[in-house]
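Me: I would like to go through the ligand sites of this structure with you. Could we start once it is on screen?

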Amino acid sequence: MTKFTDALHEIIDTDLYPIHNLNSQLRQELIRSVHSELAKTGCARISNFIRGQVVQEMAREASELHNLAFWPTEDQNPYASPPEPSFPVDHPRNHFTLRTNGFIGADLLNQDSHLTRMYELDVLTHFVWDALQTEKPLYRYADPIARNPYSVMEPGQTFPWHFDGNEFSISILVQKAEKGGIFQYVPNIRSPGEENYDRVKAVLEGDTSHLFSLDLEPGDLQIFKGRYSMHRVTKVEGSNNRYIGIPSYTHDPYRMNRPHHSLTYYGRSTRLHEERELIQVDGLTD
Ligand SMILES: O=C(O)CCC(=O)C(=O)O
Ligand SMILES: [Fe+2]
């Protein structure tokens, strides 16, 4: 077996989910069910996607690297963009709160990280593209820090309402909170060229009429359109930290987070972030 095949079968439960076998009926059924969940709610869960032993090793990696996480010090808006004085003070662009979760950048993961090995499987990218059924092709995120990070939440911490800079992510919960730490989202609230600020404002002010909650279990794979759906994670309670891996994808294989976004999420940005700042994506704020 090649190294590639090893990582695929070692990490992903290909007995349950033969994502590498394009002709298998199981794969076709899986694609159909993910697609219909995505159409209904903008989010899909594939239970027990990652093998149990690997999930435990990922949780160990995240806890060993916990102290490398960057903890934000400044309030942030849902777009991870700077304050916008030309908009009213009660506009979503000027809605700033403190996000208290931390991120361990993808470039800080162990050399033999399962999260990275899995992310680098072309067969997985192909599967995610088939599942999302987007017209444009899908690429792993070029951003060296944000492409495949762990989010870390300690008891008492929250991740407030926001949109992601990249279009899609597949989240893998590796350690669950004892209580709380629930992912909540309002699907398809904005679309390329349409910010829908009125609805964003209503959600920020407490409108829960289109709110969905997803109580992930360790090893589940969550496929999600985070650039278009507003989302948050409720406060982690109890004594466990919550750890989740977030492999991310874009339509543009060159683009990265804007420097401001990278600084507020990871505490640093690179020359490449600066160089690529002016790339126009879809007219949306981030
Ligand atoms: O922790 C989660 O479930 C979601 C993380 C998230 O929204 C993000 O990293 O942008
Ligand atoms: Fe997000």
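**Ligand sites**

Reply: Along the chain, the donors of the iron ion (ligand 2) follow the spacing H-x1-D-x66-H. Please keep in mind that this is a predicted model.

Me: Which protein donors of the iron ion are these?

Reply: The iron ion (ligand 2) has His162 (NE2), Asp164 (OD) and His231 (NE2) as its protein donors, lying 2.1 Å from it.

Me: And where in the chain do Asp164 and His231 sit?

Reply: Asp164 belongs to the loop between strand 5 and strand 6 (168-175), while His231 is in strand 11. The two are 67 residues apart, so that this pair links distant parts of the chain.

Me: Changing topic: which residues are around ligand 1?

Reply: The residues around ligand 1 are Phe103, Phe159, His162, Asp164, Phe183, His231, Val233, Arg242, Ile244 and Ile246. By class, this shell has 6 nonpolar, 2 polar and 2 charged residues.

Me: What lies 2.8 Å from an oxygen atom of ligand 1?

Reply: That is a polar side-chain atom of Arg242. For His162, a polar side-chain atom lies 3.1 Å from an oxygen atom of ligand 1. His231 also has a side-chain N or O atom 3.1 Å from an oxygen atom of the ligand.

Me: How much of the accessible area of ligand 1 does the protein cover?

Reply: On its own, ligand 1 has 290 Å² of accessible area, and the protein covers 94% of this.

Me: Where does ligand 1 sit?

Reply: Ligand 1 sits in the largest cavity.

Me: Which elements give two or more residues to its shell?

Reply: Those elements are strand 5 (159-162), strand 11 (230-233) and strand 13 (242-245).

Notes:
Residues numbered from 1 in each chain as written. Chains lettered and ligands numbered in written order. Predicted model: local features only at pLDDT ≥ 70, side-chain atom pairs only at ≥ 80, totals over all residues. Heavy atoms only, no water. Near = heavy atom within 4 Å. Polar contact = N/O pair within 3.5 Å; in protein donor to acceptor, adjacent residues only side chain to side chain. Areas by Shrake-Rupley, 256 points an atom, 1.4 Å probe, with all protein chains shown as cover. 1 Å grid on protein atoms, 1.4 Å probe; cavity = no way out; pocket = protein on both sides within 12 Å on 5 of 7 lines; lining within 4 Å. Sits in = over half its atoms within 2 Å of the grid points. Helix = DSSP H or I, 4+ residues; strand = E, 2+ residues; numbered from the N terminus. Nonpolar A, V, L, I, M, F, W, Y, C, P; charged D, E, K, R; others polar. Donors = N, O, S within 2.8 Å, 3.2 Å for Na, K, Ca; no water.
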